[in-house]
Amino acid sequence: MIGPDTLNGCPALVGLSAATRADLAAVAREVEYVPSERLVPLIRPPQQLLFILEGLAKLVGVSVRGVERIVYVFRPGDVIGSRILLEESAEAAYEIVAMRPVRALAVSRHDFLRVVEDHPELLMAVTREFSRRLTALTDRMLAAMSEDVPVRLGQLLVDFAAADDDELVPLSYPLTHEAMAQIIGASRPHTSTVLRDLEEMGLVRRRSDRGLLVHPLGLKSMVRDSGEDVRRAI
Amino acid sequence: MTVSLETLSTCGPLRGLDAATRQAMAEYARLIEFQPGDRLLPLGQPPQRLLILSDGLAKLVGVSINGHERILCIYRRNDMVGPSVLMESIENEHEVAAMSRGRALAISRRDLLIIGRSNPSVIMALAREVSRQLVAMTGRVMSATSAEVPVRLSQLLLDFADGNGAGPEELVPLAHPLTHESMAQIIGASRPHTSTVLRDLEGRGAVQRRSGRGLLVRPARLKTIVEYGDLDPVETFTGSGAFPLSA
């Protein structure tokens, strides 16, 4: 059991009534994961919902060539475990692994279904959150199918920038070159080469006391102009 | 057009609803008909209605930054279109357009919320559909970021194979015909490349092209390509022996 105030760390739950929050808090517990620990193991369907309060976790799959790909990065505010809603959840060749220390609220499938019986607004709130993720994955699908590596990397860095400024800012969460490569679907050496190219264009600074720095407005402009250049060429 | 209780009882995602909830749905939902090219959900705004297809095909389309149209998802019978209908604000950069004639059950966002408050099982049905589509989209992103074009095309053809009652090595038609252009837009490849890969798949005995009469596919061989990847050079299929890539 947790205090209802702890739920304030989950944007999806902020608008809920006091009664719903109290009943959810009564069945939720706080859990922590260390880097590389599995939040949802391979194959076995999840047995609980996790509301991420702090940290990063990756949804990972391994291709037939043995290459690990990060399909999605869960951040604070995300909800993990959508498959608990399915009556028959097929085995999935994906796992969710902590990239940084993760603190989350865990609610078992049984408890969640019991609470939403009395409070349908909780189900609506969680469904909205899953819909938001479905939209984000759909955007990612479009990027993965259509654009060049510099554009995909540019979009990723804009997505992770700590602020939307006209100056160099750090990432909200540090990403290794390996993680960036796995997210955008490129090799690590190619990703590092593209980062170097972006640095020459003044759009990133690779080494600083705050880690990688990125120029959000410049990167957005590069992403937009790349598309226009290609459209002109077509 | 109003919706009968009988129509609702045959609608896959709503089949598990109790009688009272079905009655409420019948009062609010409408049956709509669409033609190829009709926009079912427009760009730029959150979906204002939820559709459940009862016939026909529809596509979720995005335009890439390079100006290419890409098909991100194909909706078929019993699929819910617009599952983000509960969201109040979202920059929707994709649209859903009909690929064939068809019919759908439509319910507005407002009416869905009214029914959902007193019949939460409707929201549970929607939540399950969102979850199912999340699983499917996860698989597609994984494939788009890691699989080669022959594997992506094989997966698509496998998804569309109409193999009801057929043996694993039999050639079967697609449940819905797809043009080379549509296949290319779905798998994120050029049309000429897609046609070349189809020819290679034919050389491997995984498909059979028939001029003007649609494509036949052999699900067992397509599955092998999907599971083991396109790892080896093309070898011509010579009979019913082991598939060259499965060794």
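Which residues is Arg109(B) in contact with, leaving aside its neighbours within four places in sequence? They are Gln48(B), Arg49(B) and Val85(B). Two residues are in contact if their C-beta atoms, placed from the backbone, lie within 7 Å. Arg109(B) and Arg49(B) are 60 residues apart in sequence, yet their C-alpha atoms are 4.9 Å apart in space.

A word on the model comes next. This is a predicted model, in which local features need pLDDT of at least 70, side-chain atom pairs count only at pLDDT 80 or more, and totals for chains, interfaces and linings use all residues. Residues are numbered from 1 along each chain as its sequence is written, while chains are lettered from A and ligands numbered from 1 in the order in which they are written.

Back to Arg109(B). It is found in helix α3 (residues 109–118) of chain B. Helices (H or I, at least four residues) and strands (E, at least two) are DSSP runs, numbered from the N terminus. Arg109(B) counts as partly exposed, because it has 17 C-beta neighbours inside 10 Å. The cut-offs are these: a residue is buried if 20 or more other C-beta atoms lie within 10 Å of its own, exposed if 12 or fewer, and partly exposed in between, with C-beta atoms placed from the backbone.

Now take in chain B as a whole. Its secondary structure comes to eight helices and 11 strands. Chain B has 247 residues, and 44% of them count as buried. Consider its contacts with a separation of 6 or more: 69% of them join residues 24 or more positions apart.

Strand β1 (residues 30–34) of chain B holds Phe34(B). Is Phe34(B) buried or exposed? Phe34(B) has 22 C-beta neighbours inside 10 Å, so it counts as buried. Not counting residues up to four places away in sequence, it touches Leu40(B), Gly56(B), Ala98(B), Gly102(B) and Ala104(B). Thr10(B) gives another case. It sits in the loop between α1 (5–9) and α2 (19–28) of chain B. Thr10(B) counts as exposed because it has 11 C-beta neighbours inside 10 Å. From Thr10(B) to Ala104(B) is 94 residues in sequence and 12 Å in space, C-alpha to C-alpha.

Next, look at helix α4 (residues 120–146) of chain B. The expected span of a helix is 1.5 Å times one less than its number of residues. The 27 residues of α4(B) should therefore span 39 Å, and its end C-alpha atoms are 39 Å apart, which agrees. Of those 27 residues, 23 are buried, so α4(B) is largely enclosed by the rest of the structure.

Two other helices of chain B form a pair. Two packed helices are described by the angle between their axes and the distance between the axes. The axes of α6 (residues 180–187) and α7 (residues 191–203) of chain B come within 8 Å and cross at roughly 100°. Axes are lines fitted to C-alpha atoms, for helices over the stretch in contact, and angles run from 0 to 180 degrees between N-to-C directions. Angles under 35 degrees count as roughly parallel, over 145 as roughly antiparallel, 65 to 115 as roughly perpendicular and the rest as oblique. α6(B) and α7(B) are therefore roughly perpendicular to each other. From α6(B), His180(B), Glu181(B), Met183(B), Ala184(B) and Ile187(B) take part; they meet Arg191(B), Thr194(B) and Ser195(B) in α7(B).

Where do the two chains meet? 44 residues of chain A are in contact with 41 residues of chain B. On the side of chain A, the elements giving two or more residues are β4 (57–62), β5 (68–74), α3 (120–146) and α7 (216–233). α3(A) gives the most, with 20 residues. By class, this side has 23 nonpolar, 11 polar and 10 charged residues. Here Ala, Val, Leu, Ile, Met, Phe, Trp, Tyr, Cys and Pro count as nonpolar, Asp, Glu, Lys and Arg as charged, and the others, Gly among them, as polar.

Finally, the loops. Ser36(A) has its place between β1 (29–33) and β2 (38–40) of chain A. Its phi is near 80°, a positive value in a residue other than glycine. Most residues other than glycine have a negative phi. Ser36(A) is exposed, because 8 other C-beta atoms lie within 10 Å. Asn78(B), in the loop between β5 (69–75) and β6 (80–81) of chain B, has a positive phi near 75°. Asn78(B) has 15 C-beta neighbours inside 10 Å, so it counts as partly exposed.
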